[in-house]
Amino acid sequence: MNEVLSRLRELLFPSVPGVAVVAVHSEGNAIRVEARCTPIGAACPDCSHWTERVHSSYLRSPADLPAAGRSAQLVLKVRRFFCTATGCGRRTFV
Ligand SMILES: [Zn+2]
């Protein structure tokens, strides 16, 4: 079973830049893949200022995928950042 999970990990994620698989769980007939974004910061969508000040993080489930008759859920950990630029009207962004 572990072999299947590590194979799934290899198949799914090398093609997604900036995303790392944290864990793959098998729960009954379902597979749960947890991933997070790897960059340490992000640019503000309004002013393009780069920030590494994390406001918070939470889990988002962008996709429920069928996988060979089993249910596979992708859970992505996303972060909210502070924009630290003076004069920018946006305080935080995801
Ligand atoms: Zn900004």
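Pro39 is partly exposed, because its relative accessible area is 36%. The model it belongs to is a predicted one.

**Around Pro39**

Pro39 sits in the loop between strand 2 and strand 3. Setting aside neighbours within four places in sequence, Pro39 is in contact with Gly18 and Arg79. Gly18 is 21 residues away from Pro39 along the chain. Yet the C-alpha atoms of the two are separated by 6.3 Å.

**The chain as a whole**

Read from the N terminus, the order of elements is α-β-β-β-β-β-β-β. The chain has 94 residues, and 27% of them count as buried. Its exposed surface comes to about 6,200 Å². Carbon and sulfur atoms supply 53% of that area. Contacts also reach across the sequence. Among those between residues at least 6 apart, 46% join residues at least 24 apart.

**Strand pairing**

Strand 6 has pairing partners in strand 2 and in strand 7. With strand 2 the sense is parallel, over seven bridges. Here Ala30 stands opposite Ser71 in strand 6. With strand 7 the sense is antiparallel, and two bridges join the strands. Phe81 has Phe93, in strand 7, as its bridge partner.

**Nonpolar cores**

The largest nonpolar core has nine residues. They are Val21, Val24, Ile31, Val33, Ala35, Ala72, Leu74, Leu76 and Val78. Strand 1 (19-27), strand 2 (30-37) and strand 6 each give two or more residues to this core. Strand 6 provides the largest share, four residues. A second, separate core has seven residues, among them Ala42, Cys44, Cys88 and Phe93. Two of these names, Cys44 and Cys88, return at the zinc ion.

**The zinc site**

Which residues are the protein donors of the zinc ion? They are Cys44, Cys47, Cys83 and Cys88, each through its SG atom. The donors lie 2.2 to 2.4 Å from the ion. Along the chain they follow the spacing C-x2-C-x35-C-x4-C. Cys47 lies in the loop between strand 3 (42-43) and strand 4 (50-51), and Cys83 in the loop between strand 6 (70-82) and strand 7 (92-93), so this pair ties together parts 36 residues apart in sequence.

Why does the arrangement around the zinc ion count as tetrahedral? The four donor atoms subtend angles of 104 to 115°. All angles must lie between 85 and 135 degrees for four donors to count as tetrahedral, so the arrangement qualifies. For comparison, the ideal angle for four tetrahedral donors is 109.5 degrees.

Cys83 is buried, at 10%.

**A positive phi at Ser48**

Ser48 lies in the loop between strand 3 and strand 4. Cys47 is in that loop too. The phi of Ser48 is near 70°, a positive value in a residue other than glycine. Most residues other than glycine have a negative phi. Ser48 counts as exposed, because its relative accessibility is 56%.

| Residue | Relative accessible area | Class |
|---|---|---|
| Pro39 | 36% | partly exposed |
| Ser48 | 56% | exposed |
| Cys83 | 10% | buried |

Note on methods
Residues are numbered from 1 along each chain as its sequence is written. This is a predicted model: local features need pLDDT of at least 70, side-chain atom pairs count only at pLDDT 80 or more; totals for chains, interfaces and linings use all residues. Side-chain values use heavy atoms; hydrogens and water are left out. Donors are N, O and S atoms within 2.8 Å of the metal (3.2 Å for Na, K and Ca); water is not among the atoms, so sites may look incomplete. Four donors count as tetrahedral if all angles lie between 85 and 135 degrees; four count as square planar and six as octahedral if opposite donors are over 155 degrees apart and all others between 65 and 115; anything else is irregular. Buried means under 20% relative accessible area, exposed over 50%, partly exposed in between (1.4 Å probe, protein chains only). Contact means heavy atoms within 4.5 Å. Accessible areas come from the Shrake-Rupley method with a 1.4 Å probe; for residues, only the protein chains shown count as cover. A nonpolar core is a set of buried Ala, Val, Leu, Ile, Met, Phe, Trp, Tyr and Cys residues joined through side-chain atoms within 4.5 Å. Two strands pair if DSSP finds at least two bridges between them.
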